[in-house]
Amino acid sequence: MSVISCTGLTKNFRRVKAVNGLSFTIEENRITGLIGPNGAGKTTLLKIIAGFLRVSSGQVMVFAEDPFNSLKVSSNMIFIDENMKFAPSFSLSEIMLAASSFYKNWDMELAKGLFDYFSLDPKQQHHNLSKGMRSTFNMIIGLAARCPLTIFDEPTSGMDAGVRKDFYRALLRDYLQNPRNIIFSSHLLSEVEDVLEDILLLQNGQKRLHLPSSDLKGFAVALRDKTEIISDLTAGQEVYYQKSVGKDHSYVVIRRDAADGLAKRISAAGVEVLPVKSDDLCVYLTTRNRGGIDDVFDRN
Amino acid sequence: MVGDKPIYVQIAEWLENEILCGNIKENEKIYSQYQLAEMFNINPATAAKGINILADQGILYKKRGLGMFLSAKAKEKIQYQRKNHTLKKLVEEVVSEAQRLGVCEDELMGMLRDARKELDEHEGEGG
């Protein structure tokens, strides 16, 4: 059963199309990672799914309803981002108490366990927390609420590497015990990809890729050899990225199935075949210039 | 190379190694996708993919509602597979690298024998 489905989803902010003709579906009880460069439309998409924004055109369905003004969606959803505001007179422990009466699946034991583990001060106030501590607290709220639809928009901003690692582990373990629909956006794909089931890669408000996270790792390979050999091999293939190495060598990224088709010629020529990291691949897939930042410096 | 393989392939190989060294016996229940997910900090769907690789090869069989179990002769199957695919491929790589470097057959065989001797000595020390 699909929990979220979008068809031709478009959202304009004046003349800018933040989301542009997006169509995809998300099946039940999956952890989906929303990946894409700044300005790709990640936050806009998440806010539309949460029901905070009305679409300009196209259709979005969450739990089989239009999420905008939907009581069903709002009562089954939590949206965590760094702009979360709580009543300023409440202490952290009072916020958790209020959350426990608000969210019907709230797990106070988990909330308190995480709260103590991360050494938060119950008497502290939310707006006085450091950025990393605030993200940590928001994450605790997001996990303990156990909402059927849990949305994290850049939940790890400001967290140090250790806390981020703990967060991914906590998210996974809680998900294993209480499977639910989780979407979260992140710029740190290499850290989260193993925990994700699916990856949705956005670029300029459009879908670039939507596939199981485990398929992304082998999606592309890099070939490295003399430029003439490489350009001969990759003629007619879709090239995701290329750069020159040394005097007369090239490094070119192509689809793995394209490389598999050329396997005989590649091994006959002794061309080096190298793996491509998934976060590098996502950058290659979403940049306009095939040579990346080097194009700025290597203009002649 | 290990880190470059997709996680589900790594999971399948890890299970194979557990079977090869006798940690899982024939007709014994193997780890569930959820146990593997927790052990390796990966999504359970990815863990299931790893299990399915072995199920497709007949190394595991399914008991409805109970989980996956180790088939009879699973160990032999894995040994056969590894020898005829993994090891063969590795040997091919070694031979082609030797050719590129102009290493003759005798020299290559000598290197293989030396490597084996070294490994045996290490094992002797260890035991």
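Predicted model: local features only at pLDDT ≥ 70, side-chain atom pairs only at ≥ 80, totals over all residues.
Let me start with the interface: chain B and chain A bury about 1,400 Å² between them, with 52% of it on carbon and sulfur atoms, where buried area is the accessible area, taken with a 1.4 Å probe, that two parts lose on being put together, summed over both. Residues are numbered from 1 along each chain as its sequence is written, chains are lettered from A and ligands numbered from 1 in the order in which they are written, and side-chain values use heavy atoms, with hydrogens and water left out.

Staying with the interface, 16 residues of chain B are in contact with 15 residues of chain A, contact meaning heavy atoms within 4.5 Å. Seven residue pairs are in polar contact across the interface of chain B and chain A, both residues at pLDDT 80 or more; a polar contact is a pair of N or O atoms within 3.5 Å, and within protein one must be able to donate a hydrogen and the other to accept it, with residues adjacent in sequence counted only if both atoms are side-chain atoms. On the side of chain B that touches chain A, the elements giving two or more residues are α1 (7-20), α2 (33-40) and α3 (44-56) of chain B, and α3(B) provides the largest share, four residues. Helices here are DSSP runs of H or I with at least four residues, strands are runs of E with at least two, and both are numbered from the N terminus. By class, that side of chain B has eight nonpolar, four polar and four charged residues, where Ala, Val, Leu, Ile, Met, Phe, Trp, Tyr, Cys and Pro count as nonpolar, Asp, Glu, Lys and Arg as charged, and the others, Gly among them, as polar.

What is the count of salt bridges between chain B and chain A? The count is two, a salt bridge being a side-chain nitrogen of Lys or Arg within 4 Å of a carboxyl oxygen of Asp or Glu. A:R173 and B:E38 meet through their side chains in a salt bridge at 3.0 Å, N to O. B:K49 forms a salt bridge with A:D215, and the closest N and O atoms are 2.7 Å apart; because B:K49 lies in helix α3 of chain B and A:D215 in helix α8 (residues 213-216) of chain A, the pair joins two chains.

Turning to chain A, six strands form an open sheet in the order β5-β6-β7-β3-β8-β9, with mixed pairing, and two strands pair if DSSP finds at least two bridges between them. At the edges stand β5 (77-80) and β9 (206-212) of chain A, each with a single partner strand, so one side of each is left without a neighbour in the sheet. Within this sheet, β3 (residues 31-35) and β7 (residues 181-185) of chain A pair in the parallel sense over four bridges, and A:G33 stands opposite A:F184 in β7(A). Helix α5 (residues 131-144) of chain A packs on the sheet and touches β5 and β6 of chain A, its direction making about 165 degrees with that of β5(A); axes are lines fitted to C-alpha atoms, for helices over the stretch in contact, and angles run from 0 to 180 degrees between N-to-C directions.

Chain A also has three strands that form an open, antiparallel sheet in the order β2-β1-β4, and its edge strands, β2 and β4 (57-62) of chain A, each pair on one side only. Strands β1 (residues 2-13) and β2 (residues 16-27) of chain A pair in the antiparallel sense over eight bridges, with A:S2 opposite A:E27 in β2(A). Their hairpin has two residues between the strands, and A:R14 takes a positive phi near 50 degrees there.

Finally, in chain B, four bridges join the antiparallel strands β1 (residues 60-63) and β2 (residues 67-70), and B:L60 has B:L70 of β2(B) as its bridge partner. Three residues lie between the strands of this hairpin, in which B:G65 takes a positive phi near 80 degrees.
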